[in-house]
Amino acid sequence: MEQLKNNVFDTALIFEGGGMRASYTAAVANILLENEIYFDNVYGLSAGSSNTVNYISRDIDRTKRSFVDLVDDPEFGGVDTLIKGKGFFSAEYIYQKAGLPGGYLPFDWDTFVANPAKATIESFDRDSGETVYWTKDDMPTLEDMMIRVRASSSLPMFMPPPCINGRYYYDGGLGEGGGFLLPRAQRDGFKKFLIIRTRPRAYRKSKPEGAGDALMNTALWRRHHVVRALNDRWARYNLIADEIDRLGDEGAAYVFYAEGMKVTSGETSKAKLQESYDTGYAQAEEELPAIKKFLGL
């Protein structure tokens with residue numbers, strides 16, 4: 001396949017995570033693709049890592065189906081797979097099997113490779129507490145890419161952590177940015193950003209407390225780094241969210257806020273996910289002229 005070309009080089013595209021809330025922001029990725037807005041540098045973690053690789057593969061159909069139609073697959077997940085130790089979302093199936101050739105949601109690996117765009121996704125080392133970043137250099141095969149997207153998306157207690165080269169990894173939201181790859185993009189030298197949020201502007205996380213916090217600490221008592229990251233995440237998340245707002249207000253970033261978000265991260269109703277996608281699409285379509293102006297297109 002002939003190498004593809006991109007047209008946005010001075011701006012980093014950053015996708016926030018958020019589980020099935022990415023049904024809303026998958027629509028933003030598709031608006032960009034449909035309008036031939038091709039970023040050369042794309043960052044994402046958790047569900048945002050799926051948006052990242054789908055966007056780079058330029059597969060409009062898969063970008064939507066990953067967060068809408070996939071729930072129709074009987075192997076997608078639920079209480080049964082959680083009890084069997086496969087996770088509430090059947091992570092190994094979703095990320096490492098459904099995307100194979102002939103799978104329920106085959107990934108366009110050839111286009112991903114032909115696209116010179118750089119992908120950066122984030123994960124969290126369970127046993128060292130280190131934030132880990134992977135780029136295309138770490139993904140020489142489809143299988144290498146898929147397990148890293150799974151690692152970036154594996155929520156403690158909801159999904160078992162995959163093992164990569166002898167290390168176990170959890171959701172990238174536990175890492176340094178608390179849910180955003182902005183710190184890494186800034187270290188890469190970027191000063192201009194298109195940031196795709198899965199939350200409204202006013203959203204901030206609260207400090208964990210109560211029965212849910214006690215359950216988490218009990219279930220993960222042997223995983224000290226994971227517990228610490230979960231307990232501290234709210235502060236890191238809010239700090240970066242404040243910085244994102246500041247960058248947007250100063251004109252260094254265009255921030256797409258999911259103001260019409262109505263689904264949760266664990267939503268499994270296809271009808272609600274389709275509505276979420278449609279709402280995100282309408283908002284992205286409305287904001288497209290402002291996005292293009294920000295990008296100088």
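Me: Which residues in α1 meet α2, and which residues of α2 do they meet?
Reply: This is a predicted model, where local features need pLDDT of at least 70, side-chain atom pairs count only at pLDDT 80 or more, and totals for chains, interfaces and linings use all residues. Residues are numbered from 1 along each chain as its sequence is written, and side-chain values use heavy atoms, with hydrogens and water left out. Contact here means heavy atoms within 4.5 Å. On that basis, A22, T25, A26, A29, L32 and L33 in α1 meet A47, N51 and Y55 in α2.

Me: How do the residues of the contact of α1 with α2 divide by class?
Reply: Ala, Val, Leu, Ile, Met, Phe, Trp, Tyr, Cys and Pro count as nonpolar, Asp, Glu, Lys and Arg as charged, and the others, Gly among them, as polar. With that sorting, the contact of α1 with α2 comes out as seven nonpolar, two polar and no charged.

Me: At what angle do the axes of α1 and α2 cross?
Reply: Helices are DSSP runs (H or I, at least four residues), strands are runs of E (at least two), and both are numbered from the N terminus. Axes are lines fitted to C-alpha atoms, for helices over the stretch in contact, and angles run from 0 to 180 degrees between N-to-C directions. Helix α1 covers residues 22-34 and helix α2 residues 47-57, and their axes come within 10 Å and cross at roughly 20°.

Me: So what does that make α1 relative to α2?
Reply: Angles under 35 degrees count as roughly parallel, over 145 as roughly antiparallel, 65 to 115 as roughly perpendicular and the rest as oblique. That makes α1, relative to α2, roughly parallel.

Me: And how do the axes of α2 and α7 run relative to each other?
Reply: Helix α7 spans residues 142-152, and its axis comes within 7 Å of the axis of α2, with a crossing of roughly 150°. That makes the two, α2 and α7, roughly antiparallel.

Me: Which parts does the pair of Y24 and F256 tie together?
Reply: Rings of Phe, Tyr and Trp (its six-membered ring) pair if their centres lie within 6.5 Å; planes under 30 degrees apart count as stacked, over 60 as edge-to-face and the rest as tilted. The structure holds eleven aromatic pairs, and Y24 with F256 is a tilted one, at 6.3 Å centre to centre and 50° between the planes. Y24 lies in helix α1 and F256 in strand β8 (residues 253-256), so the pair ties together parts 232 residues apart in sequence.

Me: Is F112 buried or exposed?
Reply: Buried means under 20% relative accessible area, exposed over 50%, and partly exposed in between (1.4 Å probe, protein chains only). F112 pairs edge-to-face with F107, at 5.7 Å centre to centre and 65° between the planes. F107 counts as buried at 8% relative accessibility. With a relative accessible area of 2%, F112 is buried.

Me: Where does N165, with its positive phi, lie?
Reply: N165 has a positive phi of about 50° although it is not a glycine. Its relative accessible area is 73%, so N165 is exposed. N165 is placed in the loop between β5 (163-164) and β6 (167-171).
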